[in-house]
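Open the model in your viewer and keep the sequence panel beside it.

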Amino acid sequence: MGRVDKGLQPFRGATMAAHVLRRLAPQVAGVTINANRNLEAYAALGVPVLPDELTGFEGPLAGLQTGLRHCPTELMVTAPCDSPFLPQDLVQRLREALLAQEADLALAVTMEADEGGTAHKQPHPVFCLVRRSALPHLEAYLAGGGRRMDGWHKAIKVAEVLFNDAAAFRNINTLAELQQEEVGRGEPTLQDVVGCLSGYDPHAVPVSQAQHIIREFIQPVRAVEKLALRAALGRVLAADIVSPISVPAHDNSAMDGFAFAGDGLDGDHPTTLAVIGTVYAGRPSTIVPGPGQCVRIMTGGVMPPGCDTVLPQELAAGITEDSVTVSPRTVRTGDNRRFKGEDLLEGSPALQAGKIVRPADLGLLASLGIAEVPVRRRLRVAFFSTGDELRSIGEPLDQGCVYDSNRYTLHGMLTRLGVDIVDMGIVKDDPAALEAALRDACESADAIITSGGVSVGAADYTKEIMATLGDVTFWTIGMRPGRPMAFGKIRSNGHSAFLFGLPGNPVAVMVTFYFFARHALLRMMGARQVDDLLVQARSFAPIRKKPGRTEYQRGILTVAADGTREVRITGAQGSGILRSMAEANCMVVLPDHQGNVAAGDLVDVLLFEGLV
Ligand code: AMP
Ligand code: MG
């Protein structure tokens, strides 16, 4: 954080260091702070403070050395002063592994998914438990000039301990992030948001109003991490990327052919030019053609000084070993030349913060030589199904029961969105179980998605419990399917999470996810452009539609024989009929004002798939 002392920054009513202390102290016999500045301020926290003993280096390894030299116990654990969320079982779990594996040091690792969903291990060497007896190895490593936190691990036995909650190892890196975390405390209530709306009635909320309230209430996650280029696929850029170079770096040829000065051509008669050499792509050349001369040039070859035009070789009127003949009007001056910086000019913005990184962006960043990309941290979304009638796959289907399908559609939709998911299973219609599940979800995720229990059923305690845990509103939305929905933010033990209580019917779950939760989650991920791209298509048949509500019908979009887009509805549209969703490749969106649709009328369609 530049010259700012992170540990002393105010955070949620105390300093960051105080938060770390509060979380760490119950896990250990005693805490000592290692700091090189503001020692008195740290001492005010009531624990001993030790400055580094290694001079000329302020990295974490110097602190580790100082700590081990003074540690009165056999074991010492370290945690950075900017990690206010460190796990409450950190020490216990590290210790168990250290002892079981007879290791010298145990460190925390988390699994992080990279592109394609493959998980890789992320070690957190600053969260480690180490034996005092390992000190000589550390001293030797430092004496040899080593400074990397894990550089000395080769000389000792290391145990890795997998923690599930990557967010617990989050540190707050910039003042801006910290301020955002702080601002988060003063965030609006739902009442603040709906107070600005005229004619708001939770029992009759138009789709656009519900979307507006969600958009206003949602807060993006702030934490940023740097990822290797490939791993950034699907993630959201946390900063603008400014091009460090021009692409291409030189004027170059777009074709295999002959390069020359265009004004040397005769406008009415063939011109024969002497070929004085060949320019290959990527090979420097010093050839400078004069009047009446040209060079043979390959695609990507740097244009020699004075040359501004390329004649593609297939357009040459005649080619000999050392000359080429150009017919009049086959090329104009400037043809087939790519300009320096035509793709991107040095210093110009290449990509904007808030952009979801797509394959073309990876290529673009690679073309700029950028190896690491700042992205927002991955969002964590917990979800569960509610209902006594639900059974999991593998269980017998008792009388009157149904298999839980919502968790599977949610799994699919969330995975495609690129968030970390926490599948919490089925929760019975039981107040205590619902409260425990909601609290658990709240403490481990940024957002919670539930299905079922938000309509008016007698055994639906979900609403009641949600309301007691935070700022939650219950809507009847002017839409079909998916009228009931809960939205808000709940809190538990100092954590908070946005809550989307989706209806229980399988199609309603998908529709409310796609048209409400998805946008909100994208915004939480830091994405800027989250609008749906609707296209228009001709309706194959009439569609009955009542004005005054938005209807989402499942459709199959095809290209008709005359080349126009045509959409058909996939049979019965009941909100429990998932088959019609599976058959569909799009949703037909019929807005509030729309009445009956006649065959041949244009309707709005949202495609399920697209090139991404
Ligand atoms: P509810 O909103 O809880 O009254 O549920 C509405 C309907 O959706 C009921 O018929 C439920 O059985 C059904 N339902 C609720 N949750 C699920 C689920 N996870 N999978 C399949 N059907 C469900
Ligand atoms: Mg239910």
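**A tour by selection**

Select Asn-493 to begin: with a relative accessibility of 63%, this residue counts as exposed (exposed is over 50% relative accessible area, buried under 20%, and partly exposed in between, with a 1.4 Å probe and protein chains only). Asn-493 sits in the loop between β28 and β29 (495-502). Helices (H or I, at least four residues) and strands (E, at least two) are DSSP runs, numbered from the N terminus. Although Asn-493 is not a glycine, its phi is positive, at about 45°.

This is a predicted model, in which local features need pLDDT of at least 70 and side-chain atom pairs count only at pLDDT 80 or more, while totals for chains, interfaces and linings use all residues. Residues are numbered from 1 along each chain as its sequence is written, chains are lettered from A and ligands numbered from 1 in the order in which they are written, and side-chain values use heavy atoms, with hydrogens and water left out.

**Backbone stops**

Glu-102 is exposed, at 65% relative accessible area. Most residues other than glycine have a negative phi, and most peptide bonds are trans.

Now select Val-247 and Pro-248. The peptide bond between them is cis, with omega near -10°, and Pro-248 belongs to the loop between β10 (241-242) and β11 (252-253). Then select Arg-480 and Pro-481, where the peptide bond is cis with omega near -5°. Pro-481 is in the loop between β27 (479-480) and β28 (484-492).

**The ligand**

Which residues come nearest? Of the 14 residues around ligand 1, they are Glu-389, Asp-404, Ser-405, Asn-406 and Gly-453 (a residue is near if one of its heavy atoms lies within 4 Å). The shell divides into three nonpolar, nine polar and two charged residues. In that count Ala, Val, Leu, Ile, Met, Phe, Trp, Tyr, Cys and Pro are nonpolar, Asp, Glu, Lys and Arg are charged, and the others, Gly among them, are polar.

A side-chain N or O atom of Glu-389 is 2.6 Å from an oxygen atom of ligand 1. A backbone N or O atom of Gly-453 is 2.8 Å from an oxygen atom of the ligand. A backbone N or O atom of Gly-504 is 3.3 Å from a nitrogen atom of the ligand. A polar contact is a pair of N or O atoms within 3.5 Å; within protein, one must be able to donate a hydrogen and the other to accept it, and residues adjacent in sequence count only if both atoms are side-chain atoms. The protein covers 76% of the 480 Å² of accessible area that ligand 1 has on its own (Shrake-Rupley method, 1.4 Å probe; for residues, only the protein chains shown count as cover).

Stay on Asp-404, which lies in the loop between β23 and α10 (406-417). Asp-404 is buried, with 4% relative accessible area, and its side chain reaches the backbone nitrogen of Asn-406 at 3.2 Å.

**Salt bridges**

A salt bridge is a side-chain nitrogen of Lys or Arg within 4 Å of a carboxyl oxygen of Asp or Glu; by this rule the count is 22.

Select Arg-132 and Glu-74, whose side chains form a salt bridge at 3.1 Å, N to O. The two are 58 residues apart, with Arg-132 in the loop between β7 (119-131) and α5 (135-143) and Glu-74 in the loop between α3 (60-70) and β5 (75-78). Arg-132 is partly exposed, at 30%.

Finish with Arg-538, Asp-562, Glu-566 and Arg-568, which a network of salt bridges links. Within it, the side chains of Glu-566 and Arg-568 meet at 3.5 Å, N to O. Is Glu-566 buried or exposed? At 11% relative accessibility, Glu-566 counts as buried, whereas Arg-568, at 37%, is partly exposed.
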